[in-house]
Structure formats: structure tokens, C-alpha cells
Amino acid sequence: MAPSKPSLKPVKPESARDGDLGAADRVLSYAAEALGALAAALDGEFIRAIDLMLAAKGRMIVSGMGKSGHIARKLAATLSSTGTPAYFIHPAEASHGDLGAITRQDVLLMLSWNGETAELANLISYAKRFRIPLIGIASNPDSTLMQAADVKLVLPRAPEACPNGLAPTTSTTMMLALGDALAVALMERKGFSPDQYRDLHPGGSLGRALVRVADLMHRGADIPLARETATMREVLLVMAERRFGCVGLTDAQGGLTGIITDGDLSRHIDGDDFLSHKASDVMTRGPKIAAPGQLAVEALAFMNENKITRLFVLDAGDKTRKPVGILHIHDCLQAGLG
């Protein structure tokens with residue numbers, strides 16, 4: 001006799017909705033309560049951890065197993081992207097040769113909820129044998145990991161949000177938050193700047209948003225410049241050679257006084273003697289400018305607002321107003337700012 005098929009009773013939408021929202025509320029409530037307890041529990045050990053990480057002459061080696069390992073990978077990535085070289089080592093791979101990647105100049109940071117993860121044993125032994133500083137993150141202060149650690153960051157005991165109380169949820173949230181707290185505190189101690197962040201994120205949207213005018217502008221002999229006393233014949237030669245569609249005009253001291261663009265040419269070509277006109281007769285005075293330290297996205301917005309396609313770049317503190325560069329709107333678009 002064939003086994004009977006289980007009856008599939010449809011779940012009422014409102015019941016499913018209430019159950020789903022109830023589960024979400026439980027997860028978030030447990031996490032919020034645990035994070036509050038974690039913040040209240042932080043003490044001098046956290047400061048000692050920052051001191052140790054700051055003093056490291058090598059890298060931060062971060063390790064953990066299972067879900068703790070995933071958090072450890074994220075922490076290593078966050079540290080590396082914020083100015084602290086870091087590397088994740090899988091504890092099982094460490095036992096098969098990757099211990100050789102760890103030097104005495106490094107600092108080990110190990111994560112384990114109960115502190116008794118078997119796969120961490122060889123890493124712990126290696127750290128103690130070669131006197132490599134060890135920071136432990138776990139919930140059991142009497143565990144093998146925490147007893148061996150030079151700095152002990154104890155996680156408060158908190159229930160997992162899993163209905164079976166087994167799947168790491170609340171515990172990994174605390175690990176993640178504590179890792180971020182370490183990274184941010186370390187950034188602030190180091191005085192990690194937005195420019196340094198940009199240097200480490202050249203391909204990301206955040207990195208692009210921090211690009212400065214000085215990073216994109218054309219310099220030196222590429223800047224289309226002529227004296228305001230030059231003839232239009234000379235100006236046209238510079239314009240054709242530099243191919244920016246404009247020429248900046250300067251006074252006897254090299255200070256920017258005006259600009260001649262394609263539009264100026266179309267408005268002033270009025271006879272055979274045009275080429276002998278002085279640049280000062282044709283130029284537009286008081287051209288729009290940018291500063292080298294200005295964000296390129298700001299310069300791009302300024303060009304769009306004023307319906308122009310290029311800006312001469314002047315140092316704000318230079319009273320002579322000598323151009324140090326020129327920025328074209330295409331430079332910004334090619335950098336992915338548009």
C-alpha cells in the first residue's frame with residue numbers, strides 16, 4: 001500500500017505575516033539587547049587591544065572557524081580597507097602550512113563563540129610558541145582561547161534568535177559589531193583621512209566621490225595659456241595645439257585675467273583683420289575657476305550649473321593667480337563621476 005501524501009494546508013496570509021514579523025522582531029530585539037550589553041561591558045581590555053594593534057610592526061592576522069570565520073574574513077577586509085594591513089587565515093589551512101604566513105611582527109586576532117573551537121588549537125600553540133601577541137574574542141573567559149589570549153575581549157552571554165537556540169545569530173552580530181568598533185577606534189587613533197581612504201578604494205563609488213580636482217587636472221605644458229597681449233593668430237595656434245577649446249589669458253606676472261573659448265571666437269570673427277586683434281579685445285574677463293583640493297564632483301556640478309565644459313585651476317592662497325592646471329568636464333566623466 002502506497003504511503004499517503006501529507007496534507008498541505010494553506011497558511012492564512014495574516015498568520016504567515018504575523019509569524020514572519022514576530023521572528024524578525026525577535027532577531028532584532030535580541031541583537032539590540034546584546035549590543036547594549038556588549039557596549040556596557042567594554043573596558044580597559046578594549047583599549048589594550050587597540051594599543052596592541054597600533055603597535056604591530058607586521059599585519060593583523062584574523063582567524064575563526066565556521067560562522068565566526070566569516071565574521072573574521074569581514075573584519076580582515078575592513079581593517080585592510082581602513083589603513084591596517086590584515087589577512088584572514090583559515091584555521092584548518094593553518095595546520096597544513098599556512099602557519100608559515102604568520103611572522104613574529106604580526107598580531108593574531110581570533111574569534112570563537114565558546115572559545116573551545118578545536119581547529120584553533122594549532123594557531124594558539126603557534127602564537128604561544130613564537131610569542132606572537134594574541135587577542136581573543138569569545139564569550140567564555142575560562143575557555144582555552146581566552147586563557148591563552150594576551151588581550152581578552154569577552155562577549156556577554158546572550159540567547160541566539162534561532163528558534164532552536166543553535167544557529168549563530170545574536171553571537172555573530174556581536175562579533176561583527178565588536179570588529180567594526182575595533183576598526184573604527186583604530187582609524188581614529190591613526191588619524192586615517194578621507195584621502196587615504198580614497199587611495200585604498202580607487203574603484204569604488206566612495207573612492208570616486210573623494211577624487212580631487214588635482215587628481216584629474218592637466219598640468220604644466222598641457223595648460224592652454226597665452227599672454228593677453230598676444231594676437232588672435234597666436235591664440236588660435238595655442239587653442240589648436242592644446243585641444244581644450246579654450247585659451248587662458250595671463251598678465252605680465254602670469255596671473256589669469258581672462259579666457260577665450262570657441263564661443264568667443266564665433267562672436268568676434270568680423271573681418272579679415274581678426275587675426276591681428278589683441279587677445280585682450282576678445283577675451284571674457286573673470287573666468288570661472290576651481291581649486292586643486294576641491295572635490296572633483298563639486299567642480300563637475302559647478303560646470304553643469306554654469307553650462308561650461310572647462311575650468312582653470314588656481315591655488316586659493318596664490319595671490320598672483322597663476323594657473324596650475326585645467327579641468328575638462330570629460331576628465332570627470334571618464335573618472336566615473338557623471
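Q: A salt bridge is a side-chain nitrogen of Lys or Arg within 4 Å of a carboxyl oxygen of Asp or Glu; why is Arg 310 said to have no salt bridge?
A: In this predicted model, the nearest side chain of opposite charge to Arg 310 is that of Asp 262, at 4.3 Å. A salt bridge requires a distance within 4 Å, so Arg 310, although it is buried, has no salt bridge.

Q: What makes the contacts between the side chain of Arg 310 and the backbone oxygen of Phe 244 and that of Gly 245 polar contacts?
A: The backbone oxygen of Phe 244 lies 3.1 Å from a polar atom of the Arg 310 side chain, and the backbone oxygen of Gly 245 is reached by that side chain at 3.0 Å.

Q: Where does Arg 310 lie, and which residues does Arg 310 touch?
A: Arg 310 lies in strand E11, which spans residues 310-314. Leaving aside residues up to four places away in sequence, the residues that Arg 310 touches include Phe 244, Gly 245, Cys 246, Thr 261 and Asp 262, together with Met 303, Ile 326, Leu 327 and His 328.

Q: Which residues line the largest pocket, and what is the volume of this pocket?
A: The lining of the largest pocket includes Arg 310 itself, and among the others are Ile 259, Thr 261, Asp 264, Arg 267, Lys 288 and Thr 309. Strand E8 (256-261) and helix H12 (262-268) are the elements that give two or more residues to this lining. The volume of the largest pocket is about 190 Å³.

Q: How do you know that Asp 51 and Arg 189 meet in a salt bridge?
A: Their side chains come to 2.7 Å, N to O, and the cut-off is 4 Å, so the pair qualifies as a salt bridge. Asp 51 belongs to helix H2 (residues 44-55) and Arg 189 to helix H7 (residues 170-190), and this pair links parts of the chain that are 138 residues apart. A search of the whole structure finds five salt bridges.

Q: Why is Asp 51 called partly exposed, and why is Arg 189 called partly exposed?
A: Asp 51 has a relative accessibility of 37%, and Arg 189 has a relative accessible area of 41%. Buried means under 20% and exposed means over 50%, so both Asp 51 and Arg 189 fall in between.

Q: What makes Asp 180 and Lys 74 a salt bridge, and which helices does this pair tie together?
A: The two side chains meet at 2.5 Å, N to O, and this distance is therefore within the 4 Å cut-off. Asp 180 lies in helix H7 and Lys 74 in helix H3 (residues 67-81), so the pair ties together parts that are 106 residues apart in sequence.

Q: How do you know that Asp 150 and Lys 128 meet in a salt bridge?
A: The side chains of Asp 150 and Lys 128 are 3.8 Å apart, N to O, and because the limit is 4 Å, the pair still counts as a salt bridge. Asp 150 sits in the loop between helix H6 (144-148) and strand E5 (151-154), whereas Lys 128 sits in helix H5 (residues 121-129), 22 residues apart.

Key
Residues are numbered from 1 along each chain as its sequence is written. This is a predicted model: local features need pLDDT of at least 70, side-chain atom pairs count only at pLDDT 80 or more; totals for chains, interfaces and linings use all residues. Side-chain values use heavy atoms; hydrogens and water are left out. Helices (H or I, at least four residues) and strands (E, at least two) are DSSP runs, numbered from the N terminus. Buried means under 20% relative accessible area, exposed over 50%, partly exposed in between (1.4 Å probe, protein chains only). Lys and Arg count as positive and Asp and Glu as negative; His and the chain ends are not counted. A polar contact is a pair of N or O atoms within 3.5 Å; within protein, one must be able to donate a hydrogen and the other to accept it, and residues adjacent in sequence count only if both atoms are side-chain atoms. Contact means heavy atoms within 4.5 Å. On a 1 Å grid over the protein atoms alone, a cavity is a set of points where a 1.4 Å probe fits but cannot get out, and a pocket is an open set with protein on both sides within 12 Å along at least five of seven lines; lining residues have an atom within 4 Å of a point. Grid points are joined across faces, edges and corners, and a volume is the space filled by probe spheres set on the points.
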